[in-house]
Amino acid sequence: MPYKYVRIAGNRRQVGVALGKLARPLMAAYLEQNGTWEALRPWRGHSYLDQLGQFARDALPAIWEELEGLAEGLRMPLADVLLWNCRGDLLHSSTGDGCTSVALKAADGIRWIGHNEDGDPYLYGRCHLVDVALEDAPGYLSFYYPGSLPGHTFAANRAGLVQTINNLRTRQRHPGVPRMLLARAVLDCTTLDEAIALLRDAPRSGGFHHTLGSAADPRIFSAEVAPGGASFLEIGTRYGHANHMIHQETRGQAQIITDSSRTRQNRIEGIVDGWSPATGGAELLAALHDASGDLPILRTAKDDPDDENTLATAIFEIRDDEVTLRVYDRKTRADIALDVMTDPDDEKKPDPA
């Protein structure tokens, strides 16, 4: 598999340090080749970045402690690690984070959430699945970009809460909690209502689309969360979302809609409109691996206009009191299956299917 499964346990700082150590061998080369890092450099030492850090410390002190540990493990200045984790709050057009998400409520009561994680092509084969056990929170399983707090990709926690994230290129810049720290904080929630309240009430400095589901709740939500407002739409039967705001309440906000996002949104809507109540995981995977057109949902082109490629595909099968995650490689479709809500101490190491 092009991504490795790694278990981490400890308090907030210890987990952050372990995540930093995991990324340290790659971090310098990763940032050196990444145009986003170059674009962020003018923000070093800026008072606005200090404001974002203060909002994070005040609103999410436990997550801030993880960020401090991350910087320690990376052996990088905390200010630079904060800067990297605020990239989407500061830069609206040059962040290489894309993604497509789908959701379905099947006739048999199973809830399905699928997600393509699109990012810097350099990271293909260089990311991890981290299984994190925390002393004061449910713990979670997440796809992990080197040097970024987990949670802003695809993840589920041991309370059965599922979250997938799509980048939104909002044009507004307001002081608030950085979006990646807020997405990480969702994984400490135990219910959908708690997660929605967090996203609704927190001061927000950046924009994300969150698909949210739970093993303890029959609902699935599409949440467009941005500095200028937030919209929470309960999904009826099926849904698809790319990288721009489409809800009635939020689509009028100033945003950048790339050609790829517009094309993928149209294509995924056309696919999910054809799903029936008998649709399942195979159909979700086929939709996310759709390669038709010049700007396909499955992104593998070296000349992708947003400089993004699909790094992994996740399919969450959500039943009452049970969440199974299958993560697929785009090239071979080989997958790894994980029971999210089972304590890994009680089971064998996950086996590729």
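This is a predicted model: local features need pLDDT of at least 70, side-chain atom pairs count only at pLDDT 80 or more; totals for chains, interfaces and linings use all residues.
Close-up 1. The buried residues of α5 are Asp-80, Val-81, Leu-82, Leu-83, Trp-84 and Asn-85. Among the elements that cover these buried residues of α5 are the helices α1, α2 (35–40), α3 (47–59), α4 (61–74), α6 and α7. Several of these covering helices, including α1, α4, α6 and α7, return in the views that follow.

**Close-up 2. Tyr-30 in helix α1.** Tyr-30 belongs to helix α1, which is made of residues 12–33. With a relative accessibility of 3%, Tyr-30 counts as buried, because the cut-off for that word is a relative accessible area under 20%. When neighbours within four places in sequence are left aside, Tyr-30 is in contact with Trp-84, Asp-120, Tyr-122, Leu-123 and Pro-146.

**Close-up 3. Arg-87 in helix α6.** Arg-87 is placed in helix α6, which covers residues 87–90. Arg-87 is buried, with a relative accessible area of 3%.

**Close-up 4. The packing of helices α1 and α4.** Two packed helices are described by the angle between their axes and the distance between the axes. For α1 and α4, the angle is about 35° and the axes are 6 Å apart. The crossing in which α1 passes α4 is right-handed. On the side of α1, the residues that take part are Arg-12, Arg-13, Gly-16, Val-17, Leu-19, Gly-20, Lys-21, Ala-23, Arg-24 and Met-27, and on the side of α4 they meet Ala-62, Ile-63, Glu-65, Glu-66, Glu-68, Gly-69, Leu-70, Glu-72, Gly-73 and Leu-74. Sorted by class, the contact of α1 with α4 holds 8 nonpolar, 4 polar and 8 charged residues.

**Close-up 5. The packing of helices α4 and α7.** The axes of α4 and α7 come within 10 Å and cross at roughly 115°. This angle makes α4 roughly perpendicular to α7, because angles of 65 to 115 degrees are placed in that class. The crossing of α4 and α7 is right-handed. In this contact, Ile-63, Trp-64 and Glu-66 of α4 meet Leu-181, Arg-184 and Ala-185 of α7. The residues of the contact of α4 with α7 divide into 4 nonpolar, no polar and 2 charged.

**Close-up 6. The packing of helices α7 and α8.** Helix α7, residues 179–186, and helix α8, residues 192–201, pack at an angle of about 160°, and their axes are 10 Å apart. The two helices α7 and α8 are therefore roughly antiparallel to each other. Their crossing, that of α7 and α8, is right-handed. The contact is made by Leu-182, Ala-185 and Val-186 of α7, together with Ala-195, Leu-198 and Leu-199 of α8. By class, the contact of α7 with α8 has 6 nonpolar residues, with no polar and no charged residues.

**Close-up 7. Ser-101 in strand β2.** Ser-101 lies in strand β2, which runs over residues 100–105. Ser-101 is buried, with a relative accessible area of 2%. If residues up to four places away in sequence are not counted, Ser-101 touches Gly-114, His-115, Thr-164, Asn-166, Thr-211, Tyr-239, Gly-240 and His-241. With one of these, His-115, the side chain of Ser-101 makes a polar contact of 2.8 Å from side chain to side chain. Ser-101 and Ala-337 are 236 residues apart in sequence, and from C-alpha to C-alpha they are 19 Å apart in space.

**Close-up 8. Glu-308 in a loop.** Glu-308 is found in the loop between helix α10 (281–288) and strand β12 (309–319). Although it belongs to a loop, Glu-308 is buried, with a relative accessible area of 0%. A polar atom of the side chain of Glu-308 lies 3.1 Å from the backbone nitrogen of Gly-98.

Methods
Residues are numbered from 1 along each chain as its sequence is written. Side-chain values use heavy atoms; hydrogens and water are left out. Axes are lines fitted to C-alpha atoms, for helices over the stretch in contact, and angles run from 0 to 180 degrees between N-to-C directions. Helices (H or I, at least four residues) and strands (E, at least two) are DSSP runs, numbered from the N terminus. Angles under 35 degrees count as roughly parallel, over 145 as roughly antiparallel, 65 to 115 as roughly perpendicular and the rest as oblique. A crossing is left-handed if the near helix is turned anticlockwise from the far one by less than a right angle, and right-handed if clockwise. Contact means heavy atoms within 4.5 Å. Ala, Val, Leu, Ile, Met, Phe, Trp, Tyr, Cys and Pro count as nonpolar, Asp, Glu, Lys and Arg as charged, and the others, Gly among them, as polar. Buried means under 20% relative accessible area, exposed over 50%, partly exposed in between (1.4 Å probe, protein chains only). A polar contact is a pair of N or O atoms within 3.5 Å; within protein, one must be able to donate a hydrogen and the other to accept it, and residues adjacent in sequence count only if both atoms are side-chain atoms.
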